[in-house]
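Hi,

Here is the structure I promised to pass on to you. Have a look at it first, and my notes on what I found follow below.

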Amino acid sequence: MKSLAPALILSTGLALSACAAGDMPSATVDGARADRACFIPDTVRNFRSNGDAQVFVRVGRGEVYELNSGFCRGLSSARSLALGAGPGGGRSCVGDSVEIAVAGPGLQGENNSRCRARVERRLTAEEIAALEPRLRP
C-alpha cells in the first residue's frame with residue numbers, strides 16, 4: 001500500500017497539470033506572435049520625424065511604424081534616413097532595436113549621424129489618419 005501511494009500522487013499531479021495546460025487558450029500563444037508586427041528595413045519608402053527622438057516610417061505595403069530613439073542628432077532636419085536591422089537579421093519587429101543612419105543638410109556631413117532606436121508599434125489606419133499632416137509619412 002505504501003509503494004502505491006507515491007505513484008498515485010504523481011499520476012494525479014500529472015493529470016491535473018495536463019488539465020490546467022489544456023485550459024489555457026492557444027490564442028494567447030499565437031496572439032502574442034501575431035501582435036509582434038514586423039517589416040524589412042530595406043522597404044522604407046518615406047519618413048517623418050517629430051523632433052530628434054521620434055520618427056514615423058512608411059514601409060512596404062503602406063504600413064506605418066513608430067520608432068523612438070531617445071535622441072538622434074539631426075533627425076529633425078534629416079533629408080534621408082536608412083534603417084539597418086538589429087542583430088536578429090533582415091526583419092525588424094515591434095520591440096526590436098534598429099540602427100538609424102541620418103543624412104542631414106550640410107556641406108561636410110556635419111549633420112550625419114547614426115543612432116539606435118526601438119520599434120515601438122505599428123499604427124492602425126485610424127492612427128495614421130489621426131497623425132498631424134506634418135508627421136504622416
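The side chains of Glu120 and Arg118 form a salt bridge, with 3.5 Å from N to O; the term stands for a side-chain nitrogen of Lys or Arg within 4 Å of a carboxyl oxygen of Asp or Glu. Glu120 is partly exposed at a relative accessible area of 31%, and Arg118 is partly exposed too, at 43%. For these labels, buried means under 20% relative accessible area, exposed means over 50%, and partly exposed is in between, with a 1.4 Å probe and protein chains only.

Before I go on, please keep in mind that this is a predicted model: local features need pLDDT of at least 70, side-chain atom pairs count only at pLDDT 80 or more, and totals for chains, interfaces and linings use all residues. Residues are numbered from 1 along each chain as its sequence is written, and side-chain values use heavy atoms, with hydrogens and water left out.

Now the overall picture. The protein has three helices and eight strands, and from the N terminus the elements follow the order α-α-β-β-β-β-β-β-β-β-α. Helices (H or I, at least four residues) and strands (E, at least two) are DSSP runs, numbered from the N terminus. Of the 137 residues, 30% are buried. The protein exposes about 8600 Å², and carbon and sulfur atoms supply 57% of that area; accessible areas come from the Shrake-Rupley method with a 1.4 Å probe, and for residues only the protein chains shown count as cover. Among contacts between residues at least 6 apart in sequence, 54% join residues at least 24 apart, where contact means heavy atoms within 4.5 Å.

Back to the charged pairs. The structure holds seven salt bridges. One of them joins the side chains of Glu66 and Arg121, at 2.6 Å from N to O. Glu66 lies in strand β4 and Arg121 in strand β8, so this pair ties together parts that are 55 residues apart in sequence. Glu66 is buried at 9% relative accessible area, whereas Arg121 counts as partly exposed at 31%. Another salt bridge brings together the side chains of Arg114 and Glu99, at 2.5 Å from N to O. That pair also links distant parts of the chain, with Arg114 in strand β8 and Glu99 in strand β7, 15 residues apart. Here Arg114 is exposed, with a relative accessible area of 63%, and Glu99 is partly exposed at 27%. There is also a network of salt bridges that links Arg61, Glu63 and Arg122.

Strand β7 (residues 97–103) runs antiparallel to β8, and six bridges join the two; strands count as paired if DSSP finds at least two bridges between them. Within that pairing, Ala101 stands opposite Arg114 in β8. On β4, the pairing with strand β8 (residues 113–122) is antiparallel over four bridges, and Glu66 has Arg121 of β8 as its bridge partner. Strand β3 (residues 54–59) is antiparallel to β4 too, with six bridges joining them. There, Val59 has Glu63 of β4 as its bridge partner. The hairpin of β3 and β4 has three residues between the strands, and Gly60 takes a positive phi near 25 degrees in it. Five of the six residues of strand β4 (residues 63–68) are buried, so this strand is largely enclosed by the rest of the structure.

One residue I would point you to is Arg58, found in strand β3. Instead, the Arg58 side chain reaches the backbone oxygen of Pro137 at 2.9 Å, and one of its polar atoms lies 3.0 Å from the backbone oxygen of Gly62. Leaving aside neighbours within four places in sequence, the residues in contact with Arg58 include Thr43, Asn46, Val64, Ile128 and Arg136.

Conventions. A polar contact is a pair of N or O atoms within 3.5 Å; within protein, one must be able to donate a hydrogen and the other to accept it, and residues adjacent in sequence count only if both atoms are side-chain atoms.
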